[in-house]
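Let's take a walk through this one, starting at a pocket and ending among the aromatic rings. Keep the viewer open as you read.

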Amino acid sequence: MATRTQVCIIGAGPAGLLLSHMLHLQGIESIVVEQQTRAAIEGTIKAGVLEHPTVELLGQLGVGARLRREGFAHRGIGLAFGGRRHRIDLHGLTGGKSITVYPQHELIKDLIAAVLANGTAIEFGAGAVSLHDIDGIHPSVRYTRDGTGREIRCEFVGGCDGFHGPSRQAIPAALRQEYLKVYPCAWFGILCHAPPSSEELVYAHSERGFGLVSTRTPAVQRMYFQCAPGDQVDDWPDERIWAELRARMANDEGWTLKEGPIFKKDIIAMRSFVCETMQHGRLFLAGDSAHIVPPTGAKGLNLAAGDVALLARALGRYYRHNSRTDLDRYSAIAIKRVWRSEHFSWFMTSMLHEFAGEDAMTRRFRRAQLDYLVSSRAAATSLAENYVGLPFVGVE
Ligand code: FAD
Ligand code: DHB
């Protein structure tokens with residue numbers, strides 16, 4: 001069974017859904033092909049922090065209403081080390097910008113609702129998805145659904161299928177330069193029923209490693225701590241988790257964590273990855289299919305939004321003016337912002353974690369960097385402008 005559309009988008013994560021919606025607003029048709037069920041992607045706990053440019057973009061696209069109502073704007077973050085908490089005044093240092101805490105799966109629900117309301121099909125539960133003829137003028141995407149083979153014939157393919165999807169692999173290996181760094185640690189994440197421990201997120205460094213106090217709602221909190229890469233969820237009963245979080249947050253100021261029943265535990269791998277190029281023929285990669293950041297800078301979802309903002313505009317120009325100029329430059333332009341975020345995420349990770357086998361000098365350098373950040377307005381401004389998000393390129 002074959003269907004036709006202008007752009008076939010693989011993956012209904014933030015990148016794929018946002019791309020479909022931005023294309024629709026420009027009068028461009030798409031179909032989204034997703035391997036998981038709707039319930040699965042609407043229920044997967046992932047990111048929590050939206051940058052200022054992401055929030056602005058979602059507002060402009062008409063999908064920011066619930067996020068404005070239910071999200072929490074934060075004007076600063078805490079950096080805790082050496083027994084003290086220091087505040088980075090994001091708002092004051094960036095001319096009034098802030099970040100918004102809004103769970104990724106809530107954003108996914110908003111985007112799915114918008115895409116379906118546009119009349120765009122999302123093919124949930126697609127199996128054996130494969131890309132064909134991406135370097136010709138008639139690419140197609142094949143998959144199975146409900147036991148039958150299906151094909152979407154299209155003009156362009158949006159490869160928004162995350163790190164493990166087939167899109168990146170469809171670019172010939174000889175044309176791809178891949179950069180990978182695997183960190184010798186992982187993050188252990190929890191959700192618990194408790195009131196907030198702090199009004200703002202706290203990124204903590206201690207000799208035992210990294211810890212992060214984040215939030216979801218006034219009654220549900222999200223916290224993370226650095227663990228060993230091979231750790232399993234079952235290695236961490238609740239009491240061990242709280243003991244470790246208390247130790248990571250130990251301070252001389254009398255500040256303590258508000259604890260409560262844990263109802264979700266997960267382990268997140270830590271890596272930096274970039275695929276150059278992000279395009280080949282009529283295939284364009286966006287989001288985690290092209291790059292991964294360690295979560296410390298809260299950049300992954302935001303970087304996906306930045307790619308899509310650029311790609312949707314380039315496709316819009318193609319269909320309005322029959323010009324491939326912007327499409328041809330997509331990867332070259334997108335990759336600069338990607339590397340900036342990659343560097344920031346690596347910087348935050350290196351500054352806040354402890355790695356086995358490090359020498360004493362590296363540890364002293366880390367402490368010198370932290371001391372500099374909280375004593376120099378210039379250093380704090382640099383962190384703040386990266387954290388709230390640098391402007392999306394190519395967006396008018
Ligand atoms: P994905 O969300 O991975 O979506 C890809 C989609 O493609 C998925 O739905 C998948 O099912 C589908 N797919 C895969 N293979 C196929 C196939 N073969 N066929 C069809 N479909 C396929 N980022 C932030 O910006 N801020 C944060 O605070 C933050 N915190 C994080 C915390 C955690 C615990 C984790 C895990 C991540 C965090 N991130 C954060 C990163 C962020 O979640 C990702 O960068 C983001 O999901 C990337 O979006 P994407 O659409 O590119 O990819
Ligand atoms: C959250 C995740 C992050 O990666 C981060 O840096 C800050 C907050 C979160 O899930 O709340």
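Start with the second largest pocket: 21 residues line it, and those nearest its centre are Gly82, His205, Ser206, Glu207 and Arg367. A pocket here is an open set of points on a 1 Å grid over the protein atoms alone where a 1.4 Å probe fits, with protein on both sides within 12 Å along at least five of seven lines; lining residues have an atom within 4 Å of a point. Before going on, bear in mind that this is a predicted model, in which local features need pLDDT of at least 70 and side-chain atom pairs count only at pLDDT 80 or more, while totals for chains, interfaces and linings use all residues. Residues are numbered from 1 along each chain as its sequence is written, and side-chain values use heavy atoms, with hydrogens and water left out.

Helices (H or I, at least four residues) and strands (E, at least two) are DSSP runs, numbered from the N terminus. By type, the lining splits into nine charged, seven nonpolar and five polar residues; Asp, Glu, Lys and Arg count as charged, Ala, Val, Leu, Ile, Met, Phe, Trp, Tyr, Cys and Pro as nonpolar, and the others, Gly among them, as polar.

Now for the rings. The structure holds 15 aromatic pairs, meaning rings of Phe, Tyr and Trp (its six-membered ring) with centres within 6.5 Å; planes under 30 degrees apart count as stacked, over 60 as edge-to-face and the rest as tilted. One of them, Trp187 with Tyr224, is tilted, at 4.7 Å centre to centre and 45 degrees between the planes. This pair ties together distant parts of the chain, strand 14 (residues 177-193) and strand 17 (residues 220-227), with the partners 37 residues apart. Trp187 counts as buried because its relative accessibility is 2%, and Tyr224, at 8%, is buried too (buried is under 20% relative accessible area, exposed over 50%, partly exposed in between, with a 1.4 Å probe and protein chains only).

Tyr318 and Tyr319 make an edge-to-face pair, 5.0 Å centre to centre with 90 degrees between the planes. Tyr318 is buried at 15%, whereas Tyr319, at 26%, is partly exposed. Ring pairs join both to Phe156, Phe284 and Tyr330 in a cluster.

Technical notes:
Chains are lettered from A and ligands numbered from 1 in the order in which they are written.
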